[in-house]
Amino acid sequence: MADNLEVMDWDDAYRGEGEFEGPPPWNIGEPQPELAALIRAGKVRSEVLDAGCGHAELSLSLAADGYTVTGIDISPTAVDAAAAAAAERGVAQRATFVAADITSFTGFDGRFATIIDSTLFHSLPVEARDGYQQAVYRAAAPGAAYFILVFARGAFPAEAEMKPNEVTEDELRAVVGKYWQIDDSRPAFIHANPLPAGMVPDGSHSMPAHDFDEKGRMKFPAFLLTAHKPD
């Protein structure tokens, strides 16, 4: 699989520049519905790591519900915006944000009871996946839960030059299972706003037909994987 996103300028994305004009399509103003359902079901325990937090709607929502959360993202622009939003919403004591490379960050050994990857996995270069798994495993407490929501292969046209590094279910389980005990994986959806013009494939390969949710957001095929760190 090609590393289609290794040249992505994430600061440009979060500033609404480059191929992005306005907020990135993955900023839907709330946690992804698949992850919100896990939270409602009581599957998340503090302290939480929001891996690749972006503008951190997941972190901010968790903090508003009383969870202690740390969001890590490679984009200083995203981290600054998330910290400002936490202060504005009065949750800065429970939500902190760090600009760091999620594939090699340190300083949190054994800290987190829950790690949530909300659409990060497919944004990493393929060769960085193992380093990412090592880094988050190191940061996880014994018995920690790990949730990954990631684009499934076929979410975007196969010929598209600029697209996420989608996965098959077997591929995802192989990468994660090298370190974690996998509990479940199943088909799911990633909800996203309309794609910016710079990300829409040209006429030589159209987008696959996907359904829309009640808010007009596209429902991309995905996988939701659940795993844990052995005690």
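The points below describe a predicted model, from its overall layout to its cores and one arginine.

1. Residues are numbered from 1 along each chain as its sequence is written. Local features need pLDDT of at least 70, side-chain atom pairs count only at pLDDT 80 or more, totals for chains, interfaces and linings use all residues, and side-chain values use heavy atoms, leaving out hydrogens and water.

2. The chain has six helices and seven strands, taken as DSSP runs (helices H or I, at least four residues; strands E, at least two) and numbered from the N terminus. Their order along the sequence is α-α-β-α-β-α-β-β-α-β-α-β-β.

3. Of the 231 residues, 53% count as buried, that is, under 20% relative accessible area with a 1.4 Å probe, protein chains only.

4. The largest nonpolar core has 31 residues. Such a core is a set of buried Ala, Val, Leu, Ile, Met, Phe, Trp, Tyr and Cys residues joined through side-chain atoms within 4.5 Å. Phe105, Phe121, Tyr132, Tyr146, Leu172 and Val176 touch the most other members. Elements giving two or more residues include α5 and α6 (169-177), while β5 supplies the largest share, five residues.

5. Leu172 touches Phe121, Ile148, Val150, Val167, Phe223 and Leu225, not counting residues up to four places away in sequence; contact means heavy atoms within 4.5 Å.

6. Arg129 lies in helix α5 (residues 129-139). Arg129 counts as buried because its relative accessibility is 3%. A polar contact of 2.8 Å joins its side chain to that of Glu171. The term covers a pair of N or O atoms within 3.5 Å; within protein, one must be able to donate a hydrogen and the other to accept it, and residues adjacent in sequence count only if both atoms are side-chain atoms.

Notes: Buried means under 20% relative accessible area, exposed over 50%, partly exposed in between (1.4 Å probe, protein chains only).
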